[in-house]
Amino acid sequence: MLLADVARVSREVAETSARSRKTALLAELFAAAPADEVGLVIAYLSGRLPQGRPGIGWRTLGQQVEPAQQPVLTVGAVDAAVTELAAVAGTGAQAERRRIIDALLGAATELEQRFLRSLLSGEVRQGALDAVALEGVAAAAGVPAAELRRAVMLDGSLPRVAAALLTEGAAALRAVTLRVGQPVQPMLANTATSVAAALAALGPCAVEEKLDGIRVQVHRDGDDVRVYTRSLDEITDRLPEVTDLARALPGQRFILDGEVIGETADGRPVPFQEVASRVGSRVDVQAARRTLPVVPYFFDVLAAGDEVLLDLPVRTRYAALVALVPEASRVRRLVIEDPQAQAAEAEEFWAEALRRGHEGVMAKALDSGYAAGRRGKHWLKVKPVHTLDLVVLAVERGHGRRTGMLSNLHLGARAADGTYAMLGKTFKGLTDEMLRWQTDRLRALAVEDDGFTVRVRPELVVEIAYDGLQRSPRYPAGVALRFARVLRHRPDKSADQADTVETVLGQGRG
């Protein structure tokens with residue numbers, strides 16, 4: 001299949017807001033894709049590369065290359081080039097990456113170049129995410145979306161299941177089952193504004209501490225133990241503490257869902273970034289284990305023995321978890337059978353979780369099943385919201401449906417010497433109206449433009465919500481915002497009324 005067809009549909013999907021139209025466009029494309037390429041087409045339209053992000057920055061991608069006049073570049077050729085990119089290492093790597101990128105872009109038309117730059121940089125945000133892509137595949141194959149969704153939940157890969165479905169028909173879905181050793185997409189949570197709101201929404205529920213660590217899915221089959229991340233990457237060799245504990249448990253076959261954190265000597269959690277660094281691919285595991293041992297805590301079980309537990313309610317799954325995992329290795333929880341009578345108890349559990357250094361709590365409806373791969377309404381997370389008033393220092397030009405707009409904001413706090421210390425970037429939280437307003441405002445403040453990043457006079461203040469701070473050697477204050485999103489622009493505030501670095505660090509300590 002020509003990449004031009006994929007790029008065209010990507011643009012058309014970005015330009016329509018109607019979900020039914022998005023689905024129809026995708027269904028037509030998927031039905032036309034060759035069986036051996038349909039998985040790639042789905043991955044590309046969902047903004048993913050099977051090889052992972054190639055680590056190519058906009059300094060390289062932004063170089064102008066004369067586009068091809070006619071579309072000749074195929075999806076298979078793109079995959080081969082990305083595979084070649086992923087293998088580049090050692091002396092001369094930068095020049096070799098430049099050669100591969102130039103050759104790839106030179107074979108692409110202008111439309112294809114725009115799509116490739118977005119895909120390689122992780123900026124494909126045209127709305128063809130997994131949920132819509134899944135509906136498109138279901139429509140192309142003529143099967144109920146619910147049946148396809150469950151198969152993807154069990155298999156963990158929409159491209160893989162879709163390729164089988166479009167090649168073999170509906171029988172391929174019936175062949176997909178939960179298997180120990182095959183990771184499944186984890187269930188995710190929506191957000192509640194407060195503990196009271198969560199109890200009102202869920203009714204009887206379990207309230208658990210929300211740990212800020214590495215989400216892990218642990219599979220054991222006899223002595224064979226495998227550990228997977230939230231994104232289904234295998235990290236077994238990097239977490240010997242987890243494999244040791246799994247082998248010590250009484251069950252011989254199971255799938256557990258949990259979190260891995262680091263702890264100080266007095267049992268308080270260490271920052272997420274330290275745990276993430278400990279699990280890094282280039283880390284000496286044994287040395288890291290001595291300097292920062294990690295501890296797994298489990299909160300769910302998806303299979304035990306030969307029994308699949310996904311569709312059973314939380315209370316039943318937890319009973320199976322208790323039979324497998326000792327209390328010391330289970331996430332602390334409080335069962336709320338009567339939300340009205342136990343409201344104060346739940347609030348105190350939340351407050352205690354924060355005092356213990358955790359992110360907040362998770363509330364889970366007691367009668368709900370495990371909706372793998374979905375952000376269901378039956379799990380709600382409650383975390384304190386931090387806000388800051390920060391100054392826009394620069395902004396990046398948008399891509400996809402934000403082409404022509406100034407989108408990704410560079411945010412700074414006031415430093416003691418009168419300058420501004422950058423704390424991170426975000427484009428999240430911006431509505432179309434906000435995006436248009438800030439584009440007009442920041443164009444008026446522009447002082448430098450390299451074609452990608454527009455530097456501006458530090459005058460516009462924005463109110464930012466964020467989940468916490470993480471250490472960062474990239475930024476002058478030594479910290480960066482986690483999960484920052486824009487709440488509103490503050491043209492009523494001047495830059496000298498923005499928050500200081502001292503305020504930011506004080507919130508981090510709090």
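1. Along its principal axes the C-alpha trace spans about 65 × 65 × 50 Å.

2. This is a predicted model, in which local features need pLDDT of at least 70 and side-chain atom pairs count only at pLDDT 80 or more, while totals for chains, interfaces and linings use all residues. Residues are numbered from 1 along each chain as its sequence is written, and side-chain values use heavy atoms, with hydrogens and water left out.

3. The chain has 19 helices and 19 strands, these being DSSP runs numbered from the N terminus (helices H or I, at least four residues; strands E, at least two). Among contacts (heavy atoms within 4.5 Å) between residues at least 6 apart in sequence, 70% join residues at least 24 apart.

4. An open sheet of 5 strands runs in the order β4-β3-β5-β6-β7 with antiparallel pairing, where two strands pair if DSSP finds at least two bridges between them. Because β4 (224-229) and β7 (307-308) stand at the edges with a single partner strand each, one side of each is left without a neighbour in the sheet.

5. Within this sheet, β5 (residues 253-262) and β6 (residues 294-304) run antiparallel and are joined by 9 bridges; Asp257 stands opposite Asp300 in β6.
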